[in-house]
Amino acid sequence: MKKQTASQKSYQDLVDVHDEKRPVLLNCIKAFVVGGIICAIGQAVTVFFILFFPFTEQTAGNPTVAVMVFIAMLLTGFGVYDRLGQFAGAGSAVPVTGFGNSVISAAIEHRSEGYVLGVGGNMFKLAGSVIVFGVVAAFFLAIIKTLLIQWGVLG
Amino acid sequence: MKKFRFGIAIVTILLLSGCALFEQVGPIQVVIHDDHQEMVSTIKKQLEEKSELYDTIVIAAEDNILVTYKVNHLNRFQMKSIEKTLNDWLEKEYPDEDFILSSDYKIFLESYLLFEEWDEGSLAVDEAEKKLEKIIELKKELT
């Protein structure tokens with residue numbers, strides 16, 4: 001935190017007195033339950049892919065992620081996911097469904113600016129950072145794992 | 001509310017209708033090629049003694065032997081080491097044979113379906129071998 005001057009500090013104290021206390025524990029429980037339900041649905045989709053399509057447990061993960069993101073995109077378009085996000089907070093943002101939500105909500109928000117500069121240019125405003133850091137992290141992890149296998153640390 | 005309940009019912013039915021995926025179907029052996037009868041029985045007995053596994057299928061074809069099993073839920077963290085010890089044991093006992101081990105539910109399900117068809121007697125030997133080849137191909141798929 002930045003160093004505060006005396007007047008800033010007194011103002012902050014005033015804010016603290018009048019500020020409503022955040023129900024942190026309740027929020028955590030809500031996020032946990034809703035996130036768990038989303039993950040349970042994801043598991044059901046995985047089982048569906050294993051049962052009715054030629055996917056193994058290992059390979060069923062990719063289509064499951066795609067389906068979950070797609071469902072979240074549809075729900076965002078219908079305006080359902082926003083309410084869920086308001087209720088559950090991080091519980092709806094942390095699973096992959098949050099990715100679909102951030103893509104579509106940005107697209108809807110910038111619709112009035114036209115398709116190319118508005119929707120196309122701003123669609124990955126939020127989701128772009130997910131992609132960038134995901135790719136960077138995957139790149140470094142793959143390098144580390146390859147090196148460890150080369151040196152015989154990992155089997 | 002009614003729609004919601006309907007959705008839950010559908011999801012539950014979908015989950016419970018998985019037959020061999022969720023219930024124990026008991027240790028099973030399928031011998032497509034007659035030479036391996038004794039070996040398959042030994043392997044099956046060895047697998048049954050392991051407390052970490054609760055359901056096994058051993059399928060033996062002419063040159064491939066597929067061993068699939070389900071791991072108890074609390075032992076799933078040690079899945080890799082279980083597979084390694086099992087593989088080492090098999091390699092030591094039968095150095096000439098080619099073993100494919102899998103703890104994947106999909107592989108288990110497919111082997112169970114193969115067993116059911118084989119048990120009915122509606123499957124010729126070469127057809128069964130072809131199906132087994134397909135299962136092994138599926139197991140080796142990674143992406």
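Predicted model: local features only at pLDDT ≥ 70, side-chain atom pairs only at ≥ 80, totals over all residues.
In chain B, four strands build an open sheet. Their order is 1-2-3-4, and the pairing is mixed. Strands of a sheet pair through backbone hydrogen bonds, in either the parallel or the antiparallel sense. Strand 1 (28–31) and strand 4 (98–102) of chain B form the edges, each pairing on one side only. From one strand to the next, the twist averages 15°. Strand 1 of chain B runs parallel to strand 2 (residues 53–60) of chain B, and four bridges join the pair. In one of these pairings, B:Val31 has B:Ala60 of strand 2 as its bridge partner.

Two helices of chain B lie across this sheet. Helix 5 (residues 125–140) of chain B lies across strand 2, strand 3 and strand 4. Helix 5 of chain B runs at about 55° to strand 3 of chain B.

Chain A is assigned domain 1 (23–124) and domain 2 (126–155). The C-alpha centres of these domains of chain A are 24 Å apart. Five residues from domain 1 and five residues from domain 2 of chain A make up their contact. On the domain 1 side, four residues are nonpolar, one is polar and none is charged.

Between the chains, the contact draws eleven residues from chain A and 14 residues from chain B. The chain A side comprises seven nonpolar residues, three polar and one charged.

How values were computed:
Residues numbered from 1 in each chain as written. Chains lettered and ligands numbered in written order. Contact = placed C-beta atoms within 7 Å. Nonpolar A, V, L, I, M, F, W, Y, C, P; charged D, E, K, R; others polar. Domains from an automatic or database assignment. Pairing = 2+ DSSP bridges. Axes fitted to C-alpha atoms, helices over the stretch in contact; angles between N-to-C directions.
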